[in-house]
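Subject: The two-chain model, with notes

Hi,

Here is the structure I promised to pass on. Have a look at it first, and then read on for what turned up.

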Amino acid sequence: MSTTTHPFAPEEVMAFVDGELSADRAQSLTAHLDQCAECSALAGNFRRESLQIAGWQVEMVPERLGRQVAAAKVENYTTNKAMRGSEVAQHRIPTLKFALGIASGIGVVLLLVAISVPNLLRSRMAANEASAVGSLRTLNTAAVTYSNTYGHYPRLLENFGPPRSGTPTEHAAGLVDPVLAAGRKSGYLFVYHSVPTVGQTSKGAYTINADPIEPSSSGGRHFSTDQTGAIYADGVDLSGTTLSVKSQERDQYVMAEQDATKRPSEPGPMIARTAELKLVVVKLDEAREGMDRILKQHKGHVAQLSANAESGAVPTVIASLRVPADQVDSCILDMKKLGRVTQESQAGEEVTQQHADLVARLKNSRNTETRLHDVLQQRGGKIADILEVEKESARVRGEIEQMEAEQQTLEHRVEFATIDLKLAEEYKAQLSSPAPSVATQLRNAFVNGFRNTFESALALVLFLAEAGPAILFWLVLLFVPARLLWRRYRRSLALGA
Amino acid sequence: MQDALPALILNSEALPRQAMDETPSSQTNPASSTASVSAGVSDERLMVAFSKGSPEAFTELFARYKQPIYGFFRRRLAEPTHAEELTQETFLALLRAASRYEPRALFRTYLYAIGFKILRAHRRKAAFRATFFGQPNIVPDPSKRDATESGLWVRRAVAKLDSMDREILLLREYEQLSYAEIADLLQLPVNTVRSRLFRARTALRNLLEPPVESSTKDVTQPITKGECP
């Protein structure tokens, strides 16, 4: 079967019929059509098809269309003459559209801000609270280090801070950064109280309160801690935090030099006691005075205290008290006399075994240290061996100090029991006070409005500063694909797909 | 090259049109006696004259293009009233944009681009209404019109084509746009326009013609470039 070559594709034949082929190519195709019957038939098909398609005719345009457009033309010319052909009329609608677009954009941004600002504030408050807890841990660790170095806890918060020049001293131990030592950090105010002597502790005691500078925006909860290392949030012990703090304390005890033999061993079982007591009292002020009196009588102290006396709410006092273990029963009995008991619970954790293990391990470590010390005294062997012994001695020393710190904490928990006390005044309905005057309400409304405006503007700035680069980045990244999709959508819409 | 283009366009004569019923009818238009004076002047010159303040030029342009533009919309919309409205809207847009007109391309390309944008906006609004207000989305379905109209088979066959192929075919066959103008209007490469047009015509021929017997040969299918039986 013989074949001949077609120098033209069917599409070119179609383009030729449409008059879209270049002149030289059209000339060649014309010559080819004279010779090739099939290509000629194909061209004829295209022509017949066009004629067939032409059968689809539409009706004539209505006459009224001409009148309408003529009227619009006259109006357009009148307007243009009045405005001397200025662009104002022509750009009015685009300008309006532009303004509407800008307004819509601003509206969307404001909507986003309105949605995100509360979350932003909440997240900032949560971050500040986490920072406050972290700062309290740092201060606890620093306090232990300080007490091991200088024999007592610092008198002031500034004593934790770095010295202005020279080496650290008792007044500026250089254990925390200057911002924290100044007492204000991440929206929280840190207040440090030192107690020279409490119970049998020779180093004294301390409490640190961390309160939000602006309770509604910089932080929500009130934190406190004391020399036991426990951290309280609104009176509730953050147990996980406490364990963590103790772990950090152990790490920081490296510098301490203490003699564990000074501590008398505890005969009998060692029990760390805790109690919870809720009372309803007739008069809260009197009950609080009674609580202070009982504490003083039993040689206890307040670790944390918060009072709520807002109008409309039942006045309450929530306190965490530390009382010597041998006084705890009598102290609870005295406390019960302050009002009607609504809830009482006591618990005791026996730590005798834990303490005994600790003492045994401590004793072994001390023996090891003594033997290592003897080896060093003999000064025999090579220098490398001596260095190895010194290194081992330092490690054992660190372990000893760590265990001593654990023992101290354990004994402190046994020595002082914790009583979580809640005093609530009996609910008494009160006649509502007269409403403030209209002027006062207006003034307050204006003040609140101004504050809200400022805060929302600040929040917007903060939001843009925080999220702006990310939004810009994603906009740049997504612009090309989004534009492509948009154009495809518009094209499909235009084609009626 | 760019600078030479407007002069070239302005010096060109009115393009010959082969559209069957949309041939500009300036000679037969009784709207204005002055319009006949403009007969033979290119569309671009008329538009420039109109942008400089000649209302007669617009009358002539309207007379030339009212039927093509109406046909453009009529073949793409189901409702004649919509086609009429959009035709009016197209010429109003032309009126408003007259002062900004620059003869960078053929006038009819410019005018069909306006019409195309207006059609797109109309369909967008119709889709929006159909989505949010439950109104029926009016899509161009010419096959559902009165069966007594001529070219019923053509309309039905065209309606079955792919949307892009259909648009290219309509622009070529009825609006008489060149491949380059269609490519410019639809933002497609010229070669794509040509291949899609070929595909549309082939598909349309198959739809229009009765099923051929196996012995009858379709000349388009077996012929490929480089081979001839």
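This is a predicted model: local features need pLDDT of at least 70, side-chain atom pairs count only at pLDDT 80 or more; totals for chains, interfaces and linings use all residues.

Where in chain B is the place of E181(B)?

E181(B) lies in helix α8 of chain B, which covers residues 179-186. Is this glutamate buried or exposed? With 21 other C-beta atoms within 10 Å, E181(B) is buried, since the cut-off for that class is 20 or more. Setting aside neighbours within four places in sequence, its contacts are L106(B) and T109(B).

Q176(B) sits in the loop between α7 (163-173) and α8 of chain B, and has a positive phi of about 60° although it is not a glycine. Q176(B) counts as partly exposed, with 18 other C-beta atoms within 10 Å. In the loop between α8 and α9 of chain B you will find Q187(B), another non-glycine residue with a positive phi, here near 55°. Q187(B) has 9 C-beta neighbours inside 10 Å and therefore counts as exposed.

Stepping back, chain B contains 9 helices and 0 strands. Of its 229 residues, 38% are buried. If you take the contacts in chain B between residues at least 6 apart in sequence, 62% of them join residues at least 24 apart.

Chain A has 12 helices and 11 strands. Buried residues account for 27% of its 497 residues. For contacts in chain A between residues at least 6 apart in sequence, the share joining residues at least 24 apart is 69%.

The helix I would show you in chain A is α8(A), residues 284-297. Its 14 residues reach 20 Å from first C-alpha to last, close to the 20 Å expected at 1.5 Å a residue. Which residues of α8(A) are buried? They are L284(A), A287(A), M291(A), I294(A) and L295(A). These cover an arc of only 100° around the axis, so they lie on the same side of α8(A). The exposed residues on the other side include D285(A), E286(A), E289(A) and R293(A). As for partners, the buried residues of α8(A) pack against β7 (271-281), β8 (301-308), β9 (316-324), α9 (328-336) and β11 (416-425) of chain A. Just after the helix, K299(A) takes a positive phi of about 60°.

Helix α2 of chain A (residues 23-35) has end C-alpha atoms 19 Å apart, which agrees with the 18 Å its 13 residues should span at 1.5 Å a residue. α2(A) is hardly covered, with a count of 1 buried residue among the 13.

Finally, a meeting of the two chains. α1(A) brings P10(A), E11(A), M14(A) and A15(A) to the contact, while α9(B) brings R194(B), S195(B), F198(B) and R201(B). By type, the residues of this contact are 4 nonpolar, 1 polar and 3 charged.

Happy to go through any of this with you.

Best wishes

Definitions and conventions:
Residues are numbered from 1 along each chain as its sequence is written. Chains are lettered from A and ligands numbered from 1 in the order in which they are written. Two residues are in contact if their C-beta atoms, placed from the backbone, lie within 7 Å. Helices (H or I, at least four residues) and strands (E, at least two) are DSSP runs, numbered from the N terminus. Ala, Val, Leu, Ile, Met, Phe, Trp, Tyr, Cys and Pro count as nonpolar, Asp, Glu, Lys and Arg as charged, and the others, Gly among them, as polar. The expected span of a helix is 1.5 Å times one less than its number of residues. A residue is buried if 20 or more other C-beta atoms lie within 10 Å of its own, exposed if 12 or fewer, and partly exposed in between; C-beta atoms are placed from the backbone. The arc is that of the directions from the helix axis to the C-beta atoms.
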